[in-house]
Amino acid sequence: MRTKQVGSSGRFGQRYGRRVRLRTATIEKHSKAYHPCPSCKAKKVRREFAGVWRCRKCNMQFSGGAYSPSSSIEEIKARFTSAVVLQKTKSPGQSQEESLDVV
Ligand SMILES: [Zn+2]
């Protein structure tokens, strides 16, 4: 069931309140939409189940956010990982050029 005001959360009928239903609808709209693929760039990525996404074109499966392919926590994680890699490559015995390749 779909309504003009609350979209997909119209299935809840009059329950839970308008605000909660609106919030649910926004998340569902995003999680059920097609997203760009990080591998082939096609807008064919759909959610398999919570946290797992699959590209319908190249069939690549990858982990991400529960409701979106890349959540804010994923971005923080990626930034942190690259920082750790950078620190490790800066250890003595390695040239400056190698650490620049990581970035
Ligand atoms: Zn793809």
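Two strands are taken to pair if DSSP finds at least two bridges between them. Helices (H or I, at least four residues) and strands (E, at least two) are DSSP runs, numbered from the N terminus. The model is predicted, with local features requiring pLDDT of at least 70, side-chain atom pairs counted only at pLDDT 80 or more, and totals for chains, interfaces and linings using all residues. Residue numbers start from 1 along each chain as its sequence is written.

Three strands form an open sheet in the order β1-β2-β3, and the pairing is antiparallel. Because β1 (45-49) and β3 (61-63) are at the edges with a single partner strand each, one side of each has no neighbour in the sheet. From one strand to the next, the twist averages 35°, where axes are lines fitted to C-alpha atoms and angles run from 0 to 180 degrees between N-to-C directions. Three bridges join strand β2 (residues 52-55) to β3 in the antiparallel sense, and Val 52 is placed opposite Ser 63 in β3.

An unreviewed UniProt entry assigns the feature "zinc finger region: C4-type" to residues 37-58; such annotations may be inferred rather than shown by experiment, and feature names are shortened. Across residues 37-58, the chain is 41% strand and 0% helix, with 9 Å between the end C-alpha atoms.

Helix α1 (residues 18-31) contains Arg 19. Arg 19 counts as exposed because it has 9 C-beta neighbours inside 10 Å (exposed: 12 or fewer other C-beta atoms within 10 Å; buried: 20 or more; partly exposed: in between; C-beta atoms placed from the backbone). Arg 19 and Val 6 are 13 residues apart along the chain, and their C-alpha atoms are separated by 9.0 Å.
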